[in-house]
Amino acid sequence: MTTTPSIAVIIAAYNARNTIGRAINSALASPEVAEVIVVDDASSDDTVDIARQSAGADTRLAIIRQQENRGPSAARNRALRESSSPFVAVLDAD
């Protein structure tokens, strides 16, 4: 039985350079995942660069960079607005 990927994994990230790669790779390893949306909440480190590198050529990863730190709830809400999947899972960046 083949299932169609239908889950969006949303990850709010702030200065998560040491853990964001593992979080993304964990989400992308699930065949049910249609999209992974990382919202960088104005990190001052290289979280975004590491996030891009960790996905390689996987096109299911979307990265949104907020210019102002607004907290994890605002970052998650932004990802929810961007998602096109019928189901959502929240994953911490760490």
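Visitor: What share of the 94 residues of the chain counts as buried?
Guide: Of the 94 residues, 43% count as buried, where buried means under 20% relative accessible area, exposed means over 50%, and partly exposed is in between (1.4 Å probe, protein chains only). This is a predicted model, in which local features need pLDDT of at least 70, side-chain atom pairs count only at pLDDT 80 or more, and totals for chains, interfaces and linings use all residues. Residues are numbered from 1 along each chain as its sequence is written, and side-chain values use heavy atoms, leaving out hydrogens and water.

Visitor: Which elements make up the secondary structure of the chain?
Guide: There are three helices and four strands, arranged from the N terminus as β-α-β-α-β-α-β. Helices (H or I, at least four residues) and strands (E, at least two) are DSSP runs, numbered from the N terminus. The radius of gyration is 12 Å, close to the 12 Å that the globule rule gives for 94 residues, so the chain is as compact as a globular protein of that length. That radius is taken over C-alpha atoms, and the rule is 2.2 Å times the number of residues to the power 0.38.

Visitor: Which residues touch the most other members of the largest nonpolar core?
Guide: In this core of 17 residues, they are Ile11, Ile20, Ile24, Val36 and Val38. Such a core is a set of buried Ala, Val, Leu, Ile, Met, Phe, Trp, Tyr and Cys residues joined through side-chain atoms within 4.5 Å. Helix 1 (20-28) supplies at least two of its residues, as do strand 1 (7-13), strand 2 (33-41) and helix 2 (47-55). With five residues, helix 1 gives the largest share of this core. Apart from it lies another core of seven residues, including Ala12, Ile37, Val39 and Ala79.

Visitor: What makes Asp40 and Arg65 a salt bridge?
Guide: A salt bridge needs a side-chain nitrogen of Lys or Arg within 4 Å of a carboxyl oxygen of Asp or Glu. The N to O distance between these side chains is 2.6 Å, so the pair meets that definition. Asp40 lies in strand 2 and Arg65 in strand 3 (residues 61-66), so the bridge ties together parts that are 25 residues apart in sequence.

Visitor: Why is Asp40 called buried, and why is Arg65 called partly exposed?
Guide: Asp40 is buried because its relative accessible area is 1%, whereas Arg65 counts as partly exposed because its value is 42%.

Visitor: What do Leu80, Val88 and Val90 form on the surface?
Guide: They form a nonpolar patch with about 240 Å² of accessible area together. Areas come from the Shrake-Rupley method with a 1.4 Å probe, and for residues only the protein chains shown count as cover. Patches are made of residues with over 30% relative accessible area and no salt bridge, joined within 9 Å for like charges and within 5 Å for nonpolar side chains (Val, Leu, Ile, Met, Phe, Trp, Tyr). Leu80, in helix 3 (residues 72-82), is partly exposed because its relative accessible area is 41%.
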